[in-house]
Amino acid sequence: MISDSLEGIIMNIVLLGPPGVGKGTVAEILTGKYKIPHISTGNMLREAVAKGTSLGTRAKVYIDAGQLVPDELVTTMVRDRVAQPDCSKGFILDGYPRTSAQARALQEFAAIDVVLNFTAPPKTIIERISGRRTCRTCSATYHIKYSPPKKEGACDKDGGELYQRSDEKPGIITERLKVYEEQNKPLIDYYRNEGLLSDIDASYHITEIGKIVKQCELTISKSQ
Ligand code: AMP
């Protein structure tokens, strides 16, 4: 019973892995178990774009091109977020850090306890991302084949319109995976050297997501 034994323990978790590897889905499950917030920089940035904030306006051009938003913008956003009271017992960072510069910046304002590195073959990832649809209202995600909504094109939770993100179209996915590969290697090395990194085999089918969650729970409990 992980949630009981975690009472009072501060757990700062980082999830690493390419887009589409299932980090977001697993993070939502872990957030429910551990009662600490799931902080997705991709979701925060998309929200800023939708609201038309100055951060959103600056970030949009990079997001639409499948490129990384500049480090300073994202780091400021994350630093402000983890300073919120709901992060006092810990948090699950998903999508940050993405570069070694971001990892060094993160170290300045938060002590990370464990880094879970999700891995899966590129073919699996491309199939997952290109079938993904997102709710315009609540950001819930579906897969047209593996986890379709009850009614086509509408979110099960709030009926919001489901759309394909501009950066989830095939050409852009390939660009994002390339950017990920280039940026990720030093980050993996950085956290491995720190002794914080554990690999998680995320190649399982969505119906076996429990196997991925279990690996995460075991790693987290070992790092307490
Ligand atoms: P995601 O939903 O995590 O795949 O993020 C979608 C897009 O948001 C990425 O392709 C980047 O343009 C941007 N983004 C998210 N997190 C970061 C980050 N830590 N650093 C730079 N850009 C980011």
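An oxygen atom of the ligand sits 3.2 Å from an N or O atom in the side chain of R98. Taken alone, the ligand exposes 480 Å², and the protein buries 94% of that (accessible areas come from the Shrake-Rupley method with a 1.4 Å probe; for residues, only the protein chains shown count as cover). This is a predicted model: local features need pLDDT of at least 70, side-chain atom pairs count only at pLDDT 80 or more, and totals for chains, interfaces and linings use all residues. Residues are numbered from 1 along each chain as its sequence is written, and side-chain values use heavy atoms, with hydrogens and water left out.

**Around the ligand**

- The ligand is surrounded by 16 residues, and the closest are T41, Q67, G95, Q102 and R176 (near means that a heavy atom of the residue lies within 4 Å).
- T41 has a polar side-chain atom 2.8 Å from a nitrogen atom of the ligand, while R46 places one 3.1 Å from a ligand oxygen atom (a polar contact is a pair of N or O atoms within 3.5 Å; within protein, one must be able to donate a hydrogen and the other to accept it, and residues adjacent in sequence count only if both atoms are side-chain atoms).
- Helix α3 (residues 41-51) gives the most to this shell, with 4 residues (helices, H or I with at least four residues, and strands, E with at least two, are DSSP runs numbered from the N terminus).
- By class, the shell splits into 6 nonpolar, 5 polar and 5 charged residues (Ala, Val, Leu, Ile, Met, Phe, Trp, Tyr, Cys and Pro count as nonpolar, Asp, Glu, Lys and Arg as charged, and the others, Gly among them, as polar).

**The cavity**

- The count comes to 1 cavity of 30 Å³ or more (on a 1 Å grid over the protein atoms alone, a cavity is a set of points where a 1.4 Å probe fits but cannot get out, and a pocket is an open set with protein on both sides within 12 Å along at least five of seven lines; lining residues have an atom within 4 Å of a point).
- The largest cavity has a volume of about 70 Å³ (grid points are joined across faces, edges and corners, and a volume is the space filled by probe spheres set on the points).
- Its lining includes G95, Y96, P97 and R98, and α8 gives the largest share, 3 residues.
- That lining divides into 6 nonpolar, 3 polar and 2 charged residues.

**The second largest pocket**

- This pocket has a volume of about 220 Å³, and 13 residues line it, with P18, A120, Y180, E181 and N184 nearest its centre.
- β4 (114-119), α7 (122-130) and α8 (170-193) each supply at least two lining residues, and α8 gives the most, with 6.

**A three-stranded sheet**

- An open antiparallel sheet holds 3 strands in the order β6-β5-β7 (two strands pair if DSSP finds at least two bridges between them).
- β6 (141-143) and β7 (162-163) are the edge strands, each pairing on one side only.
- β5 (residues 132-135) pairs with β7 over 2 bridges, and C135 stands opposite L162 in β7.

- Most residues other than glycine have a negative phi, and most peptide bonds are trans.
- The Y96 to P97 peptide bond is cis, with omega near 0°, and P97 lies in the loop between β3 (90-94) and α6 (100-109).
- K35 has a positive phi of about 60° although it is not a glycine; K35 is in the loop between α2 (23-34) and β2 (38-40).
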